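Please find below a short note for a colleague who is new to reading structures. The points are numbered so that each may be checked in turn.

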Number of protein chains: 2
Amino acid sequence: MEARSRTERSTGTDSGQPEPVCPDFHAAVELIGKRWAGAILWTLSPGPLFFAEIAQAVPGLSDRLLSRRLRELEEVGLVERSVHKGTPPRVSYELTAMGMELEPAIRELGAWAKRWNLS
Amino acid sequence: MEARSRTERSTGTDSGQPEPVCPDFHAAVELIGKRWAGAILWTLSPGPLFFAEIAQAVPGLSDRLLSRRLRELEEVGLVERSVHKGTPPRVSYELTAMGMELEPAIRELGAWAKRWNLS
């Protein structure tokens with residue numbers, strides 16, 4: 001089979017060169033693709049959860065790594081952490097506006113994964 | 001701020017437990033989230049490319065790692081490899097039907113990344 005020429009399915013560039021990967025997209029996929037990050041975001045997409053609930057919904061993920069990922073997701077602005085008074089205090093996590101806007105991408109990827117029976 | 005109860009944004013389960021992460025989704029995000037895999041798929045989405053063209057479109061990725069990722073993407077059925085006669089023979093890569101069907105997810109993620117200026 002012959003490779004089709006670039007012009008047959010144009011990328012919108014007229015230099016004949018392949019379009020360089022979008023740096024924003026690359027940053028996004030590297031962020032969400034970090035081991036377990038996607039699963040955590042998926043779990044939080046219906047609403048806030050306590051730490052133990054997230055741990056339960058993502059089998060195979062250690063508490064230590066879950067803490068680290070949640071902190072990273074908080075640092076990039078995808079997740080918000082809330083401390084609830086009590087003894088002991090409980091900590092919940094929810095998606096920020098930025099995190100919630102990931103929903104269409106998560107949904108599309110989930111639909112694709114289901115269609116192709118990925119697991 | 002109080003955590004909303006699970007029922008306020010129901011996940012469709014009536015057990016009151018958080019919905020376990022979808023194994024297909026998890027497998028998909030771990031696959032596409034592998035370092036550079038998303039960028040390679042993005043680059044191939046407008047059409048077939050020769051190895052050197054992919055390398056050029058994804059700056060910072062070594063030829064060795066690009067080879068490895070392409071082989072992995074081929075093994076899972078996302079990418080198809082074609083050898084073209086010549087001296088030396090040239091090798092091109094293109095998305096399979098399964099790979100092409102990722103396009104909506106890639107597009108959504110790209111739009112989100114652009115909106116939030118992720119890079």
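Predicted model: local features only at pLDDT ≥ 70, side-chain atom pairs only at ≥ 80, totals over all residues.

1. Residues are numbered from 1 along each chain as its sequence is written, and chains are lettered from A and ligands numbered from 1 in the order in which they are written.

2. Chain A holds an open sheet of three strands in the order β1-β3-β2, with antiparallel pairing. Because β1 (49-50) and β2 (79-84) of chain A stand at the edges with a single partner strand each, one side of each has no neighbour in the sheet. Strands (E, at least two residues) and helices (H or I, at least four) are DSSP runs, numbered from the N terminus; two strands pair if DSSP finds at least two bridges between them.

3. Six bridges join β2(A) to β3 (residues 90-95) of chain A in the antiparallel sense. In this pairing, A:S82 stands opposite A:S92 of β3(A).

4. Helix α2 (residues 37-44) of chain A lies across β1, β2 and β3 of chain A, at about 95° to β3(A). Angles run from 0 to 180 degrees between N-to-C directions, with axes fitted to C-alpha atoms, for helices over the stretch in contact.

5. The contact between the chains takes 57 residues from chain A and 56 residues from chain B; two residues are in contact if their C-beta atoms, placed from the backbone, lie within 7 Å. The largest share of chain B's side, nine residues, comes from α1(B).
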